[in-house]
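Here are some notes to read alongside the model. Please keep the structure open while going through the points.

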Amino acid sequence: MIIDKLVEMIQEGKLRPEEKIFSENQLSKNLSVSRAHVRDVYSALSILGIVESRQGEGTFFKSSDSEMAYKMLFIMMHMGATSIEDIMEVRQIIEIGVAEKAAVNRSSRDVSDLLNCVRRMEKCVDESELSKLDSELHKIIAKASGNTLLTGLSQIISGYTIKAIKEHWNYIVHDKDPAVKRRTFEQHEELVNAIVNKKPYIAKVIAQEHLSFVEGSLARYWQKSQSKNKSGLK
């Protein structure tokens with residue numbers, strides 16, 4: 001009830017970032033719930049960085065650092081046991097749009113970060129480090145989009161896909177197929193170049209091709225893994 005009331009106020013435009021919210025006593029009377037319950041909820045929201053208690057002033061709805069809120073939303077969504085197929089589909093929808101926006105809104109700092117990251121990927125041969133650089137690159141692209149909501153959604157999807165990204169690079173490095181590794185890197189490089197050169201349509205197409213390529217590569221990896229497991233059982 002307490003959370004629903006705060007959400008309702010946000011939806012109706014009655015509660016904005018940095019504005020003071022109901023005191024514990026006010027909300028307790030408004031909803032006919034105990035003040036202890038309100039205090040518990042405010043305490044939890046404070047830990048998550050959503051509200052802030054200021055001594056002598058009251059409790060305020062924060063606008064800064066939404067990192068913890070996104071992490072909490074990821075945990076809540078993860079409890080739904082989403083399938084990998086659904087995750088990859090959502091990833092395509094979000095990351096294709098993110099790449100297109102990044103090519104329009106990227107800053108000179110974003111360009112520097114993107115080029116630096118893709119150069120490090122080119123020299124790297126360790127699958128664990130490659131998976132981290134892959135995630136870092138997509139995080140920079142999300143930031144370059146200039147849309148904080150898209151950035152947040154991209155972070156949530158990245159949380160779901162980190163295991164798949166690690167498996168993909170593990171498959172590429174240990175199978176020692178130079179063609180797959182080269183093509184994976186080339187797609188990242190082409191995507192970065194499209195964003196750097198402010199070509200949104202090309203960035204969109206390359207992002208779509210790359211995600212389809214990764215999805216197919218992962219499918220082959222999982223198929224091989226299942227075949228090996230079955231052989232082992234025999």
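1. Strands β1 (residues 51-54) and β2 (residues 58-61) run antiparallel and are joined by 4 bridges. Two strands pair if DSSP finds at least two bridges between them. Helices (H or I, at least four residues) and strands (E, at least two) are DSSP runs, numbered from the N terminus. Glu52 has Phe60 of β2 as its bridge partner.

2. Residues are numbered from 1 along each chain as its sequence is written, and side-chain values use heavy atoms, with hydrogens and water left out.

3. The protein has an average pLDDT (the predictor's confidence in each residue, from 0 to 100) of 82, and 83% of the residues score at least 70. Confidence is highest in helix α6 (residues 108-123), with a mean of 94, and lowest in helix α4 (residues 67-78), with a mean of 60. Where pLDDT is low, the predicted coordinates should not be read in detail.

4. How do α6 and α7 pack? Their angle is about 165° and their axes are 10 Å apart. Axes are lines fitted to C-alpha atoms, for helices over the stretch in contact, and angles run from 0 to 180 degrees between N-to-C directions. The two helices α6 and α7 are therefore roughly antiparallel (angles over 145 degrees; under 35 is roughly parallel, 65 to 115 roughly perpendicular and the rest oblique). Contact (heavy atoms within 4.5 Å) involves residues including Leu114 and Met121 of α6 and Leu133 and Ile140 of α7.

5. Helix α7 (residues 127-144) also packs with helix α9 (residues 178-196), at an angle of about 20° and with axes 12 Å apart. The helices α7 and α9 are therefore roughly parallel. Among the contact residues are Leu137 and Ile141 of α7 and Leu191 and Ile195 of α9.

Definitions and conventions: Predicted model: local features only at pLDDT ≥ 70, side-chain atom pairs only at ≥ 80, totals over all residues.
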